Amino acid sequence: MHRVIISGIGAEIPEAVITNEELVESFNSWVDTENARRESTGETLLQKSDSDFIVHASGVRSRHVIEREGILDPTRMTPRIPARPDDALSLEAEFGIASARKALDHAGLQPSDIDLIICSASHHQRPYPAIAIEMQEALGTKGAGFDMGLGCSSAAAALHMAVNLVRSGAHKRILVTTPEIITGHLNFRDRQTHFIFGDASVSMVVEGLAQGEKRPGRFEVLDTRIWTQMSNNIRTNLGYHTRTAQDDPYMINLEGNLIKQVGNKVFKEVTVAGQKFIVEFLAEHGLTPQAIRRFWLHQANARMNAMILKLSFGHDVDHDRAPMVLERLGNTAGAGAIVALSENHADMKPGDFGLICAFGAGYSIGGALIRML
């Protein structure tokens with residue numbers, strides 16, 4: 001059994017930004033138009049959104065997105081992403097490669113050093129050919145590639161798989177990439193979810209550590225863990241069978257099939273499950289939360305993370321101990337915890353422990369206990 005390290009980390013954040021105020025202006029403009037129609041038909045009127053509500057509910061103040069103009073157009077309210085021909089690089093592969101190259105540079109490796117790519121995200125652009133295989137061809141990596149997903153725990157779940165494949169000797173170096181273009185799947189006309197998500201891509205290089213090899217500034221992965229429990233409180237029904245339920249299967253109705261969640265239940269249940277997962281996982285290694293120098297948690301909800309940590313520590317925990325990128329980036333699904341890791345690890349000292357922990361739809365939780373070399 002081999003020792004395993006994360007030798008490279010890379011994050012790619014789109015340049016385009018949407019503030020809460022811009023998003024609310026677009027949403028409320030659409031609500032005005034929709035309510036005028038509903039008044040004439042006697043339907044229930046919709047409630048407007050506001051920036052204070054968004055900050056209170058999530059902690060998000062802005063988000064970076066692949067394309068903003070289509071999202072902010074009240075007559076469209078979804079990104080405007082032109083289709084590409086089959087022989088052109090897909091948008092998701094392109095986004096994944098952008099963070100992958102940064103991770104490879106950080107690891108001091110070439111694409112030809114990689115023998116497996118795992119593309120793990122909450123939302124894939126298509127089911128086949130696998131985005132990972134497309135990335136393999138474009139980058140020039142060896143071996144194989146495959147796609148997987150576990151909601152917002154996707155990066156942590158892929159890390160769990162990659163670490164154990166390297167530890168067993170099945171692969172030497174694995175590129176884990178999580179390109180999250182989640183705005184393409186978001187219902188920007190749903191007041192409960194329209195403000196939550198942003199786009200980001202992250203990648204990690206996972207490889208073995210040779211006997212006596214020194215890799216200062218890198219993280220050894222001591223253990224990983226995943227946990228799941230069925231819940232419909234975060235769900236999407238968009239898939240192959242969506243069309244089969246329509247009267248006209250060639251005119252797909254997306255109403256009710258995009259992302260939806262029961263926010264209050266998710267908050268309560270995931271907070272309890274997340275705190276239990278963290279404490280029990282650390283206890284297996286004889287550790288308490290106080291022994292962990294830094295936590296990189298899923299960037300979904302500021303109040304949720306604060307509550308999980310307060311229950312774990314018995315007191316409030318500051319940004320230094322558990323850094324947040326949510327306020328400026330929004331919830332970037334599987335990418336969030338790794339963005340936080342990428343931006344907040346350079347000051348750690350040899351021997352410092354860290355914990356990556358993501359949670360989301362499923363319910364699912366993924367964790368990795370790591371130590372700075």
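Trainee: On what basis are the residues numbered and the values computed?

Mentor: Residues are numbered from 1 along each chain as its sequence is written, and side-chain values use heavy atoms, with hydrogens and water left out. This is a predicted model, in which local features need pLDDT of at least 70, side-chain atom pairs count only at pLDDT 80 or more, and totals for chains, interfaces and linings use all residues.

Trainee: How many salt bridges does a search of the whole structure find?

Mentor: Side chains of opposite charge can pair when their charged atoms come close. A salt bridge here is a side-chain nitrogen of Lys or Arg within 4 Å of a carboxyl oxygen of Asp or Glu. By that criterion, the number found in the whole structure is 25.

Trainee: Why does the pair of Arg68 and Glu22 tie together parts that are apart in sequence, and how many residues apart are they?

Mentor: The side chains of Arg68 and Glu22 form a salt bridge at 3.2 Å, N to O. Helices (H or I, at least four residues) and strands (E, at least two) are DSSP runs, numbered from the N terminus. Arg68 lies in the loop between strand 3 (62–64) and helix 3 (69–72), whereas Glu22 belongs to helix 1 (residues 20–41), so the separation in sequence of the parts they tie together is 46 residues.

Trainee: Is Asp316 buried or exposed?

Mentor: Asp316 forms a salt bridge with Lys310 (3.9 Å, N to O). Buried means under 20% relative accessible area, exposed over 50%, and partly exposed in between (1.4 Å probe, protein chains only). Lys310, at 39%, is partly exposed; Asp316, at 58% relative accessibility, is exposed.

Trainee: Which residue in strand 13 does Thr228 stand opposite?

Mentor: Two strands pair if DSSP finds at least two bridges between them. Strand 8 and strand 13 (residues 364–372) are antiparallel and pair over 9 bridges. Strand 8 (residues 219–228) is also joined to strand 1 (residues 3–12) by 2 bridges, again running antiparallel. In strand 13, the residue opposite Thr228 is Ser364.

Trainee: What feature does UniProt place at residues 282–372, and how far apart are the end C-alpha atoms?

Mentor: UniProt, in an unreviewed entry, places there the feature "domain: Beta-ketoacyl-[acyl-carrier-protein] synthase III C-terminal". UniProt positions follow the numbering used here, feature names are shortened, and annotations may be inferred rather than shown by experiment. Over residues 282–372 the chain is 29% helix and 23% strand, and the end C-alpha atoms are separated by 16 Å.
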